[in-house]
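This report describes selected features of one protein model. It begins with a sheet and the elements around it, and then turns to other sites.

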Amino acid sequence: MKSIGKISIIRINIAIGLVSSAIIAFQLILMQILSYIQWYHFAYMIISVALLGFGAAGTFLTIFRQRLLNNYTRIFPSLLIITAILMAVTVIGVNLDAVRFDSLLIFQDLRYTGRLIATYFIFFLPFFTGALAIGLSFLKFANQIGKIYFANLVGSGLGGIISLILMHFFSVEQLPLLIAVIALAGGLVSFPKNAGKILQSMTIISILILLGVFFNGSKLKPSEYKDISKTLLLPAATIEYEKSSPYGLVQIISSPVLRFAPGVSLSYRDTFPVRKVVFNNGNFIGYLVPETDQEKSSILNYTTQSLPYHIEKIDNVLILNTGTGENISLALSHKVSNIIANEANSEIFDLLQNSFVDQYSVKLKQTMSRNILTSLSASYDLIQLPIIGSFFGNSGLNAIESRYELNIEAFHEMWDKLSDNGMISISCWMDYPVRNSYRILATFDQLLEEKNIKQPNEHIIAVRSWSGVTFLLKKSGFTKIQEKQVQIFCKDLMFDPLLLPGTKEINYGKYNIIQDTSFFRNIESLLSSKDEEFFDEYSYRVKPATDNRPFFFQNIRWSGIHQIISTIGEGSLPFLELGYVLVLFTFIQIIVIAGIFIILPLFIKSWKSNNKMWVFSYFSGIGLAFMFIEIVFIQQFTFYFGEAIYAAAACISILLIFSGLGSYFSTSLRITKKILLIVPIIITVLLLFHTFTLSTILSYTIAKSISLKILTSIVLIGITGFFLGIPFPAGIKYLSNNNQIDIPWAWAFNGYFSVISTALATIISVEAGFVWVLLLAAITYASVGMAILFIKKMDK
């Protein structure tokens, strides 16, 4: 058996596979943890910080290359053991009161900005040490880079699968420790035959630390501004149930003062019912519906959401994203004979089944909304969506959340599922400045235009309460009798009509007065020929969301930023669109931090090379474009699978495993300039194919069986992934045969552009759409191939 020093090459590959698996699993688990203690936006931060660790490791290798290589057999296992220790204690460190930051305070208190940077650094450490071990192996065995890179990528791909499995069986607090054990196993596998006392002592210390974390781990604390934190402050508030899964941490809280009063009518006179509340990752999901209340008159009958049941006899209803089943209860109170409802979150779905187990008219489907819309063949009298936005006005937290059920394509699918007199009902909380109401109405208007409806005004009715608006879209148009019923409904429950087709003069504020009357003028403009003029002049982006840009709650238009600030104040902007602002903030920070950790230290050591331009263009392009592709795949397959963590794990696993196979294949190639040109061009062609067909293929197969969807994902991602795995090891091997001093610089450039590409891809997706991200990735890979023109004579 061939050995390198005192460690066999087989054990080196196994150790790299284990630590790579641990790094990816740890990355996904940190996303889950931050989704609970903060908000999901920090998933992008974790990806950037992980890549920062890899980039900084490349820079470190550039400076200390020879010293590290001379002591490889001791340093390699030591780094893996240190990585295991850091993974075990990292979450404890960021959970300390002195370090904990709160995203809502970052823009108000500089101390929290400092805490955020400290959190970056703590998260950065295990990725840095793990990447250092991998990068050192790349240098040590540069002539066998294809096999080493294969172990790295396949291990990383398996890490995504491992993290999903562990999330099903262990709490989020336990997961970092379990992943640390995998990294520690890598260190033990790579022990040299005659391990010295230092390595032996490190092993004992690491085991003791891991045991200490096991017995004394800290409890995760969600942000004080999250819904669950505020709820737990109520008298006698108790967590009655909690279950962790890849969908998040589901918790049920009870309190004698938790009452269900969802924007009810001012005419309501009964006592408000006490209900238990369900949270997912600390975010409010809904109130549990007790079995005894299901067929009683629902309190939702005193909200605008009950409007469709008061103007039309409903026999068949499809309830999308039903959550805890409040709209099911509303339908049951009106004796609807056939109720179909979906919920994607498996834990919440189980709660739903328990709540409505005896209701034979209710058929529950565990799937996503777009999936059920394309799979059902029946027609429905009513398709009802959940109320959107937030009663507390913080929907800006969801600014970069993909909401595919609110896109124009989804409403086309709903329209096709309506019976001749069927209706679509959607409600939203009033927000200020107004965005959600305008976007819903703009979506309805565009749908009717694309369906060639001659009199669109006759198909839309809207009713407003003191807290929200309900919009109804009817396939056949509303009759005079139904308009009269709407007026009676409003009078009885003290609501105000907002849109009534046959009424010229509407008393907008008879019961619920608002000071800003421009809201009513803008509503009228959206249904007139002046809608494009309104879109251009309004400070916020309220055009319909699309599958290419599925960010319903992202409303910032940079051309209107000055007017926004003058209206709400500069200090309030981050709260208005916090989700997007955090991505922009992360992008700016990561450019600076990556420059300090990756690029700046390179100037300590001179770089003597004839091919600086090629090394820079080739490896930075690979780093930038590869992450562009990964981010788009994660976003698009979130639509496909219905859950971000599943999409991330599936995409990362398939992409990296097949990239690993491509890397292994590269070992059989003789790396020439021709290979360095052809492979990036092949990738360019594949990306152009994805640019123009990926969305169509996913939409066509979304309702198919899970096995077919997985097979489709493997084909779409795997073929591209195979070729994506070739350029990096091919480039490293080319340098290994010609000028090894360029290798650390190549690693650093690749790392830097990988770091900044994560947030940059998200920003481009929001501003221009996924198509442009893929198109830019294709152009970048074409540039990588053409960079061969910069290669001059190599220094042997």
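In this predicted model, eight strands form an open sheet with mixed pairing, arranged in the order β9-β8-β7-β10-β11-β13-β12-β14. Its edges are β9 (362–365) and β14 (496–499), each of which pairs on one side only. On average, and with direction ignored, neighbouring strands of this sheet are turned by 20 degrees against each other. Helix α16 (residues 518–526) packs on the sheet, where it touches β12 (460–464) and β14. The direction of α16 makes about 35 degrees with that of β14.

| Strand pair | Bridges | Direction |
|---|---|---|
| β10 and β11 | four bridges | parallel |
| β11 and β13 | seven bridges | antiparallel |

Individual positions can be followed across these strands. Ile-383 stands opposite Ile-424 in β11, and Ile-424 in turn stands opposite Leu-473 in β13. Met-423 has Lys-474 of β13 as its opposite residue. In general, the strands of a sheet pair through backbone hydrogen bonds, either parallel or antiparallel. Strand β11 is largely enclosed by the rest of the structure, because ten of its twelve residues are buried.

In helix α13 (residues 408–416), seven of the nine residues are buried, namely Ile-408, Ala-410, Phe-411, His-412, Glu-413, Met-414 and Trp-415. These buried residues pack against the helices α12 (369–375) and α14 (436–450), as well as against the strands β10 (380–384), β11 and β13.

Helix α16 likewise has seven buried residues out of nine. The buried residues of α16 are Ser-518, Phe-519, Phe-520, Asn-522, Ile-523, Ser-525 and Leu-526. Their cover includes the helices α14 and α17 (531–537) and the strands β12 and β14.

Another site is Phe-279, which is found in strand β5 (residues 277–280). Is Phe-279 buried or exposed? Phe-279 counts as buried because its relative accessibility is 1%, and the cut-off for buried is under 20%. With residues up to four places away in sequence not counted, Phe-279 touches Asp-227, Ile-228, Thr-231, Leu-249, Val-250, Gln-251, Ile-253, Phe-284 and Ile-285. The C-alpha atoms of Phe-279 and Pro-433 are separated by 27 Å, the two residues being 154 residues apart along the chain.

The surface also carries a nonpolar patch, formed by Phe-121, Ile-588, Ile-591, Val-592, Ile-596, Phe-597, Leu-600 and Phe-603. Together these residues have about 780 Å² of accessible area. Which helix contributes the largest share of the nonpolar patch? Helix α20 (residues 578–599) does, with five residues. In an α-helix there are 3.6 residues a turn, so residues three or four places apart point the same way. Phe-121, by contrast, belongs to helix α4 (residues 110–140). Phe-121 counts as partly exposed because its relative accessibility is 42%, and this class lies between the 20% cut-off for buried and the 50% cut-off for exposed.

Notes: Residues are numbered from 1 along each chain as its sequence is written. This is a predicted model: local features need pLDDT of at least 70, side-chain atom pairs count only at pLDDT 80 or more; totals for chains, interfaces and linings use all residues. Side-chain values use heavy atoms; hydrogens and water are left out. Patches are made of residues with over 30% relative accessible area and no salt bridge: like charges are joined within 9 Å, nonpolar side chains (Val, Leu, Ile, Met, Phe, Trp, Tyr) within 5 Å. Accessible areas come from the Shrake-Rupley method with a 1.4 Å probe; for residues, only the protein chains shown count as cover. A salt bridge is a side-chain nitrogen of Lys or Arg within 4 Å of a carboxyl oxygen of Asp or Glu. Helices (H or I, at least four residues) and strands (E, at least two) are DSSP runs, numbered from the N terminus. Buried means under 20% relative accessible area, exposed over 50%, partly exposed in between (1.4 Å probe, protein chains only). Two strands pair if DSSP finds at least two bridges between them. Axes are lines fitted to C-alpha atoms, for helices over the stretch in contact, and angles run from 0 to 180 degrees between N-to-C directions. Contact means heavy atoms within 4.5 Å.
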